[in-house]
Amino acid sequence: MRTSEVLRSSVFSALVALATLGAVGQAMAFDDKVFDDKTGVKPQSSPWAVFQFGFSAYKSGHKDQAVEAYKYAAENGQIGATWKLARMYAEGDGVTRDDYAAFKFFSEIVDQDVEPGSPEESYVSDALVALGDYLRKGIPGTPVEENDVAAQEYYMRAAANYRNPNAQFEIGQMFLKGEGGVKASVKQAGRWLQLAAEKGHAGAQATLGNLLFQSGKIVRGLAMMTAALQRAPAADQPWIRNMQEEAFAAAGEADRRTAISLADDILTKGNNGDQ
């Protein structure tokens, strides 16, 4: 993994971790100042202190207290607290899963005036992708209907303004399929997929590999798909495996052996095999 990739991938977790972990040791010391077990968050508490308490409560397993603390902090301007609430509702983490509630929290985040380069940009970037994902399919039983054009606009904001690799991958997929109001273009798709692949996005690496394979660059394409399968998170492995196995079956024995060797080289040296 490249140094730049490591730094970028750590930014998002650092926003929460650095903002809260550094104060976790202190958090319990001021718990009684900001939170009461019977009455909840005390009036006039510092939103930042309550946010820190919420993180401490979450890590210690008191997610009901964390939710109450995050809601107070979010209502008083802590964008990180709004993001935590959105993620908790989206994942059913400590609360009953409620995608519409998550959608509304994510919407509050993207409405904030956060400039690229801000310490809070990763919250906005992630929220834009989440909204795009919701709009791609809609949320049944709510006012959020399927709207791939609106989804594309959210992805594009995250991809262009915040260089979010997940958004860049989704934009690449939309250009491949001609979805979201864009005209199908392999060239444009390749551009966005390349940007995501350079940041270590396994799905983008696999898709680029498949495009190379289909264009006749058998060994390089198969090697990229094989390496991407090894790097991919569990959720993406099934579709990448299907793509890789189909290509593997179509390749000749000599090309397979060469591709496997090149894939090992890609994984060892951390490049994408696309140079």
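Predicted model: local features only at pLDDT ≥ 70, side-chain atom pairs only at ≥ 80, totals over all residues.
Just after helix H5, Gly92 takes a positive phi of about 65°. The protein has 14 helices and two strands. Of its 275 residues, 48% count as buried. Take the contacts between residues at least 6 apart in sequence: 53% of them join residues at least 24 apart.

- H5 covers residues 79-91, and its 13 residues should span 18 Å at 1.5 Å a residue.

**How H8 meets H9**

- Two packed helices are described by the angle between their axes and the distance between the axes.
- For H8 (residues 148-162) and H9 (residues 165-177), the angle is about 135° and the axes are 8 Å apart.
- H8 brings Asp148, Ala151, Gln152, Tyr155, Met156, Ala158 and Ala159 to the contact, while H9 brings Ala167, Gln168, Glu170, Ile171 and Met174.
- Sorted by class, the contact of H8 with H9 has eight nonpolar residues, plus two polar and two charged ones.
- As for handedness, H8 and H9 cross in a left-handed way.

**Tyr162, in H8**

- Tyr162 lies in H8, the helix of residues 148-162.
- Is Tyr162 buried or exposed? Its relative accessible area is 8%, and buried means under 20%, so Tyr162 counts as buried.
- Tyr162 and Leu128 sit 34 residues apart in sequence, yet their C-alpha atoms are 9.9 Å apart in space.

**How H11 meets H13**

- Here the pair is H11 (residues 202-214) and H13 (residues 237-250), packed at an angle of about 25° with axes 10 Å apart.
- Angles under 35 degrees count as roughly parallel, so that's the word for H11 and H13.
- From H11, the contact uses Ala202, Gly203, Ala206, Thr207, Asn210 and Phe213; from H13, Trp239, Ile240, Met243, Ala247 and Ala250.
- Those contact residues of H11 and H13 divide into eight nonpolar, three polar and no charged.
- The crossing of H11 and H13 is left-handed.

**Ala196, in H10**

- You'll find Ala196 in helix H10, which runs over residues 186-198.
- Ala196 has 0% relative accessibility, so this residue counts as buried.
- Which residues does Ala196 touch, not counting those up to four places away in sequence? They are Pro165, Gln168, Phe169, His201 and Ala204.
- Gln168 turns up again here: this residue of H9 is also part of the contact with H8.
- Ala196 and Gly172 are 24 residues apart in sequence, and their C-alpha atoms are 8.9 Å apart in space.

Conventions. Residues numbered from 1 in each chain as written. Heavy atoms only, no water. Helix = DSSP H or I, 4+ residues; strand = E, 2+ residues; numbered from the N terminus. Buried < 20%, exposed > 50% of the residue type's maximum accessible area, 1.4 Å probe, protein only. Expected span 1.5 Å × (residues − 1). Axes fitted to C-alpha atoms, helices over the stretch in contact; angles between N-to-C directions. Left-handed = near helix turned anticlockwise from the far one by under 90°. Contact = heavy atoms within 4.5 Å. Nonpolar A, V, L, I, M, F, W, Y, C, P; charged D, E, K, R; others polar. Parallel < 35°, antiparallel > 145°, perpendicular 65-115°, else oblique.
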